[in-house]
Amino acid sequence: MFAVIKTGGKQYRVVPDDVLEVGKIEGEVGSIIQLGEVLVLGGDTPTLGVPTVAGASVAVEVLDHKRGPKVIAFKKRRRKNSRRKRGYRDEITVLRISEILTDGAKPTKGPRPKREKVVKEPAAEAAE
């Protein structure tokens, strides 16, 4: 089953366990939030929304908040010794799709546990 969601003025085709980067969304890292603008629900019998599918939502886990690559806006007027250089970086939220919900259901899956870092012992202790 897949869904087409709309967030930040863009549309994304998602399936469970997808990881995608969208414009900044409020939410703490590790929390589960619901995105309610579902345009299409796909599967055996696709459902098209008019403009959205009633009762459908997508549960997502917030993985990270970061900044995108730097974009340079450079303007130059030739022969006038006039130029302007300006740069910016977009704020990005990294999401993992937990599940696709229909009929107003609530999310059943919680956030995934973080992996434990394996600490290796120093080589001096291993030699003894």
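The model is predicted.

**Stop 1: the salt bridges**

A search of the whole structure finds three salt bridges. Side chains of opposite charge can pair when their charged atoms come close. Take the pairs one by one.

Select Lys 66 and Glu 21. Their side chains meet in a salt bridge, at 2.8 Å from N to O. Lys 66 sits in strand S7, and Glu 21 sits in strand S3, residues 19-23. The two are 45 residues apart, so color by residue number to see this link between distant parts of the chain. Now show the surface. Lys 66 is partly exposed, with a relative accessible area of 34%. Glu 21 is partly exposed too, at 43%.

Next, select Glu 61 and Arg 96. Here the side chains form a salt bridge at 3.4 Å, N to O. Glu 61 belongs to strand S7 and Arg 96 to strand S8, so the pair ties together parts 35 residues apart in sequence. Are these two residues buried or exposed? Both Glu 61 and Arg 96 are buried. Hide the surface to view them.

Move on to Glu 91 and Arg 67. Their closest N and O atoms are 3.5 Å apart, in a salt bridge. Glu 91 lies in strand S8 and Arg 67 in strand S7, 24 residues apart. This pair, too, links distant parts of the chain. Bring the surface back. Glu 91 is partly exposed, with a relative accessible area of 40%. Arg 67 is partly exposed as well, at 45%.

**Stop 2: Thr 93**

Stay on strand S8 and select Thr 93. Its relative accessible area is 0%, so Thr 93 counts as buried. What does the side chain of Thr 93 reach? It reaches the backbone nitrogen of Ile 25, at 3.0 Å.

**Stop 3: the positive patch**

Select Lys 75, Arg 77, Arg 84 and Arg 86, which form a positive surface patch. Which elements give two or more residues to the patch? They are strand S7 (57-77) and strand S8 (82-101). Center on Arg 77, in strand S7. Arg 77 is partly exposed, with a relative accessible area of 46%.

Technical notes: Residues are numbered from 1 along each chain as its sequence is written. This is a predicted model: local features need pLDDT of at least 70, side-chain atom pairs count only at pLDDT 80 or more; totals for chains, interfaces and linings use all residues. Side-chain values use heavy atoms; hydrogens and water are left out. Patches are made of residues with over 30% relative accessible area and no salt bridge: like charges are joined within 9 Å, nonpolar side chains (Val, Leu, Ile, Met, Phe, Trp, Tyr) within 5 Å. Accessible areas come from the Shrake-Rupley method with a 1.4 Å probe; for residues, only the protein chains shown count as cover. A salt bridge is a side-chain nitrogen of Lys or Arg within 4 Å of a carboxyl oxygen of Asp or Glu. Lys and Arg count as positive and Asp and Glu as negative; His and the chain ends are not counted. The place of a charge is taken as NZ of Lys, CZ of Arg, CG of Asp or CD of Glu. Helices (H or I, at least four residues) and strands (E, at least two) are DSSP runs, numbered from the N terminus. Buried means under 20% relative accessible area, exposed over 50%, partly exposed in between (1.4 Å probe, protein chains only). A polar contact is a pair of N or O atoms within 3.5 Å; within protein, one must be able to donate a hydrogen and the other to accept it, and residues adjacent in sequence count only if both atoms are side-chain atoms.
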